[in-house]
Amino acid sequence: MNEKIKALTKNPKWLIIIGLGGIALIFLSSLFTGAKAQEDKEKIKSTYTAEQYCNDLEKDIRDIVIGITGDKNPTVVVTLESGIRYSYASADEIDTSSSTGSSNDQSSESKKQSYITVKTSDGGEQALVVAEIMPEVRGVAIICNGGSQEPVAEKIKNAVMSALNITSKRVYISGGAVR
């Protein structure tokens with residue numbers, strides 16, 4: 001084995017070819033990891049919107065209604081209280097001072113709040129998000145075959161109330177026209 005290596009090192013052509021091959025492999029691996037890193041950056045940049053959240057809820061409720069009624073095309077509408085809210089990391093500083101005089105004692109307190117920021121890839125700064133708070137469901141309307149029948153409507157209402165943790169006042173169910 002040592003003799004083969006010595007034979008290869010005597011001929012500089014083989015060393016150059018092996019070196020260029022190694023450089024090519026390193027270059028190719030950086031291309032693949034660069035593409036993955038770009039995909040990861042795009043995932044982080046894309047934010048989940050209230051509209052997407054609402055559409056996902058509607059799809060999930062539609063699946064529940066299909067499972068209960070067998071209706072292939074129920075209509076489901078979800079309304080939300082607000083948009084998505086964000087909670088940011090902050091640093092609070094409280095400064096208290098007191099002074100005593102001959103006739104009275106005084107104290108004061110000041111509070112200073114600042115948000116913790118992180119540098120972005122483009123060189124800017126952005127507040128550090130601690131939590132995304134999804135909006136509350138304002139109401140759900142469902143129109144489906146069998147929705148006018150009390151036992152079916154009760155099953156749907158109970159399933160929706162449990163899935164979304166809302167009261168019965170926020171759920172409306174009606175029977176639809178036979179299609």
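How many disulfides does a search of the whole structure find? The search finds zero disulfides, a disulfide being a pair of cysteine sulfur atoms within 2.5 Å.

This is a predicted model, in which local features need pLDDT of at least 70 and side-chain atom pairs count only at pLDDT 80 or more, while totals for chains, interfaces and linings use all residues. Residues are numbered from 1 along each chain as its sequence is written, and side-chain values use heavy atoms, with hydrogens and water left out.

**View 1. Elements of the protein chain.** The protein chain has four helices and nine strands; helices (H or I, at least four residues) and strands (E, at least two) are DSSP runs, numbered from the N terminus. Their order from the N terminus is α-α-α-β-β-β-β-β-β-β-β-α-β. Of contacts (heavy atoms within 4.5 Å) between residues at least 6 apart in sequence, 63% join residues at least 24 apart.

**View 2. Cysteines C54 and C144.** C54 counts as buried because its relative accessibility is 12%, and C144 counts as buried because its value is 0%. Buried means under 20% relative accessible area, exposed over 50%, and partly exposed in between (1.4 Å probe, protein chains only). Of the 179 residues of the protein chain, 17% count as buried.

**View 3. D71 and N145.** D71 is found in the loop between α3 (50–69) and β1 (75–80). With a relative accessible area of 7%, D71 is buried. A polar atom of the D71 side chain lies 2.9 Å from the backbone nitrogen of N145.

Methods: Polar contact = N/O pair within 3.5 Å; in protein donor to acceptor, adjacent residues only side chain to side chain.
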